[in-house]
Amino acid sequence: MTYLENSKQYTGSDLENIFFRPMLTGESAQDLGVRVLYNMPQPTHVQLWDGQRNILQKFTSAGWAGGKAATKYEKTVNLNRVKAELGFSAANYFSMVYEKVSSLVNTHMDDLSGTELEQAETALFKQALAENIRVTMWIGDTSAASGYNTFDGLLKRINGLVDDDGVYNFAYQAAALEDPAYVVELFDKLWAGADPRIPGLKADDRLAYFVSSDIYRLYEKYLDAKGADAAYADAMNGRRTLAYHGIPVVDVRLGSYLGATSFRQSFVMLTDRRNLVLAVNTADMPGNEVRMWYNPDEMENRQRAVFMAGTQILDEALISFAYKQ
């Protein structure tokens, strides 16, 4: 057999449990670096309660001194219906799937019709879909004529806030990046200008500096210049993660995508990971599915996913942003 002709379709609970939930929860969700809300009712509402009021009262034997009710803030994550499609030459598709199956242990290569085959085809589509969700989460722009325009991403929302001076922000010049030590000045300035609540959130271990790849590389060069033996070892072996004063420095890995957008190409952002939300829903709209089939007319294997997705910033005041002028 040189073609894979059996069709596969995931709907309902299979769509959730086999395809999307493993991709958007656990370690996979942590890799996205933001708060992921999966299959919450659409439109997705996030409730924020004011828990900072002084609720301690002098004790009295009778009466209620609790004051007014706690204040509730609500943010809505509007979801757009999106469609992801991939097409492969039947021969090329067979080769790619065969390669994935052949790497599995205890696989009968004479019978490519069982669970291993379905897992390999699903993994192939998941990989492409996960990357596209991640990229659109950052650079999505529904006003763009082409490209990643299925739903608005976080950078579009942040750039709108920066343009309106709705968040603490400042610009830096390209010449400043010639000195690797400047990256520390960026981090310190963002910390000093951040909302007063930011230092208190550090104890939750969810703060992060989200940076473009050039800033991440600049910080690596700054650390390489340190004279300690550990710096030499890291320069030789690489670093799995970076942090500044205990706050992770996260490369958003958009270098190959930002050039085709109107967004700022170099930036640093300080915020709480829980403040940036990606919502995905596969349950509340008829027709949501994942389908894989063979088209004999074109001799092509095709894959399609239909679902809903959107992003939101819960508290704009918790954003500090610096960008290259």
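Me: How many helices and strands does the protein have?
Reply: There are 10 helices and 14 strands, taken as DSSP runs numbered from the N terminus (helices H or I, at least four residues; strands E, at least two). This is a predicted model, where local features need pLDDT of at least 70, side-chain atom pairs count only at pLDDT 80 or more, and totals for chains, interfaces and linings use all residues. Residues are numbered from 1 along each chain as its sequence is written, and side-chain values use heavy atoms, with hydrogens and water left out.
Me: OK, aromatics. How many aromatic pairs are in the whole structure?
Reply: A search finds 17. Rings of Phe, Tyr and Trp (its six-membered ring) pair if their centres lie within 6.5 Å; planes under 30 degrees apart are stacked, over 60 edge-to-face, the rest tilted.
Me: Why is the pair of Tyr10 and Phe19 called tilted?
Reply: Their planes are at 40 degrees, with centres 6.2 Å apart, so the pair counts as tilted.
Me: And is Phe19 buried or exposed?
Reply: Buried, at a relative accessible area of 0%; the cut-offs are under 20% for buried, over 50% for exposed, partly exposed in between (1.4 Å probe, protein chains only).
Me: Which residues do ring pairs link into a cluster?
Reply: Tyr10, Phe19, Phe20, Phe125 and Phe307.
Me: What charged end sits over the ring of Phe19?
Reply: That of Lys126, 5.9 Å from the ring centre. The test is NZ of Lys or CZ of Arg within 6 Å of the centre and within 35 degrees of the ring normal.
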